[in-house]
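Look over the sequence and the model shown here. The report that follows describes selected parts of the structure in turn.

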Number of protein chains: 2
Amino acid sequence: MVQDRVTSIEVARRAGVSQSAVSRVFTPGASASPKMAAKIRKVADALGYRPNVLARSLITGKSRIIGVVVAYLENQFYPDALEKLSMALQARGYHVLVFMAAQDAGNIDQVLDEIVDYQVDALVMASVAMSSTLVERCDAAGIPVLLFNRRQDDARFASVTSDNVAGGRKLAEFLIKGGHRKIAHIAGWEGASTQRDREQGFREGLAAGGMKLFSRAVGNFDFEQSKDAARELFNSFDPPDAVFVANDHMAFAVMETLRSELGLRIPQDVSVVGYDDVPIAAWPSFDLTTVRQPSDLMVEKTVVSLLDSIDNPLSEPRQVAIDGPLIIRGSARKPQ
Amino acid sequence: MVQDRVTSIEVARRAGVSQSAVSRVFTPGASASPKMAAKIRKVADALGYRPNVLARSLITGKSRIIGVVVAYLENQFYPDALEKLSMALQARGYHVLVFMAAQDAGNIDQVLDEIVDYQVDALVMASVAMSSTLVERCDAAGIPVLLFNRRQDDARFASVTSDNVAGGRKLAEFLIKGGHRKIAHIAGWEGASTQRDREQGFREGLAAGGMKLFSRAVGNFDFEQSKDAARELFNSFDPPDAVFVANDHMAFAVMETLRSELGLRIPQDVSVVGYDDVPIAAWPSFDLTTVRQPSDLMVEKTVVSLLDSIDNPLSEPRQVAIDGPLIIRGSARKPQ
DNA sequence: TGCATATTTGCATTCCTATGCAAAATTACC
DNA sequence: GGTAATTTTGCATAGGAATGCAAATATGCA
């Protein structure tokens, strides 16, 4: 059952050549004569030989593995991005080693140890914050780090986000033009740059229109907590007439609560806008006005940045923020 | 920036011991005196030494990597299971290497090559069919394979599913007791065992109640195609009064189409039931009656089976089918 | 054809850790 | 304290492939 692996030595023996010849045939960029390559390929195919990636990694120092740390896959934005990222990397000969880490970062340290153990070529942190000690560790290990959907002022790592400040501003402008007077905000986790940026842009937009936030609650990017936040804001004798929920995932929780629990109609009684434009946002039941995070583009930029930092480790990490369009649907009253 | 890795030899040198001593301290089960262990650990910590998993794999023949092949993450059941599986394996010192493969199996062969290259200890195929040639390949490579949420008659691999036949039967009984007379079915991909089993159970249940399927369409587990299927079945002068959609993901598409496009009320005009009980099914907008696939339990069984087949390669693969409860909510008329 | 240059090929070594074996150190027991 | 039994330690090697270097072939050009 458990056959011995076919090695390059075995192939070499049967083809009557040296092990190095076999190696060169399977190493992109190495030189081998067409004749030799043909002969070796034939034997290799017959035996079912394939180079052992692990052994190769040992000597090249490159594992062709990208570690991806992700906190939770409940918010559809992440599985979607993970799927795209995985496919894009796969197409370039890389693969994704997944590490789950709780949001609260308690076990991130341990997770990071494990990552370093696997000699990953680079690291993508999706919606996970990096403490400065973690930065040091990766830096010391020579592993380039890219923050996905998060940004950090530390110039030592690359990041790819959407332009959250601009997006927040667009939403504020849209709600103001829609004639809303009492505009509230349900925030995600306050430690997240996405949260801070979106809120900042939103507040700027309000200020530019001579308004300010009517009320505010925190949902921590969590479904259940967002329901509580909705109750908190709307169980009031003077509730808001519009609310910007910091991402779509929370917005669904808010919409469900407003409609089924508080008996409010959307958008007649209250307008709701979100952020991300996950597929569910387009479902008729939600029809959510939101800012699209262009995940295809974000993944594309991520891959380019990643490969660049792998190929030349001295290149400066870049912080990319991609503009995302406002997607106007029916969950918020529209400007006349 | 790119430091040299700290190796066991370096640690040994600084601690004034042999490399083997260092190795033994970091190899579970190897013997080292407490004194020596303490000394080495101290030096190792100071240098930030951690064993290189890849080098270790090379010699032990175990990579502690589990390959997971998954077709698409759009159906929430899969990211959810992936998250749980990843955490469970992580807790046992394994990690998940993700491979995306298109449903149509065109590129599965290539994907499999890549998997073998990485010397994974085992393989989980989530909702991906195995052709018999693929079976041979894995068998030859000595890689145990487990089908997750799929079953195959071939006794050569383990599988973990819910008891789809029983689940289908429960749904039929429930709909019959609810007084439905025209019961339809929207099927997933017909090549999937889950589809065949659910439908078989459902038909058996109908037959036991002296009924048979009123009409049928195919949604291929795809959101858009399921909308078409709904249109096909319900744009009729004699539409069904109940429909069993083969999974929740498709059921949402069907519900959206029935309500927003065809103006039908659920459950007053038509009852809808699904399968999986993904989190969204509990949202008030859908409130979907469905059969729960106990993903915690399924993951648990998967991990146990996986580790067992890794530890003793001669053990017989087991096919596990876990019973899932009917979750009665409001999307289907209830029995009086 | 002859010589200089470019390309292939093989040899030997390297990457880092685990492990069988034998030597050394420790422990147990009389 | 002395010998036997046990544990600890170091030595040397293996695992599979990549690569610098030198030798061997092939190519170019007059």
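## Contacts with DNA strand D

The side chain of Ser23(A) has an N or O atom 2.7 Å from a phosphate oxygen of DNA strand D. This is a polar contact, a pair of N or O atoms within 3.5 Å; within protein, one must be able to donate a hydrogen and the other to accept it, and residues adjacent in sequence count only if both atoms are side-chain atoms. The model is predicted: local features need pLDDT of at least 70 and side-chain atom pairs count only at pLDDT 80 or more, whereas totals for chains, interfaces and linings use all residues. Residues are numbered from 1 along each chain as its sequence is written, chains are lettered from A and ligands numbered from 1 in the order in which they are written, and side-chain values use heavy atoms, with hydrogens and water left out.

| Residue | Atom of DNA strand D | Distance |
|---|---|---|
| Ser23(A) | phosphate oxygen | 2.7 Å |
| Ser20(B) | base nitrogen | 3.0 Å |
| Arg24(B) | base nitrogen | 2.6 Å |

Helices (H or I, at least four residues) and strands (E, at least two) are DSSP runs numbered from the N terminus. H4(A) gives the largest share, five residues.

In total, 28 residues surround DNA strand D, and the closest include Ser8(A), Arg56(A) and Ser33(B). A residue is near the strand if one of its heavy atoms lies within 4 Å of it. Of the atoms of DNA strand D that come within 4 Å of the protein, 54% belong to sugar and phosphate.

## Helix H6 of chain B

Helix H6 (residues 108–117) of chain B is largely enclosed by the rest of the structure, because seven of its 10 residues are buried. Buried means under 20% relative accessible area (1.4 Å probe, protein chains only). Among these buried residues are Ile108(B), Leu112(B) and Asp117(B). Just after H6(B), Gln119(B) has a positive phi of about 55°.

## A sheet in chain B

Six strands of chain B make an open sheet with mixed pairing, in the order E7-E6-E8-E9-E10-E12. Two strands pair if DSSP finds at least two bridges between them. Strand E7 (215–218) and strand E12 (326–327) of chain B are at the edges with a single partner strand each, so one side of each has no neighbour in the sheet.

Methods
Buried < 20%, exposed > 50% of the residue type's maximum accessible area, 1.4 Å probe, protein only.
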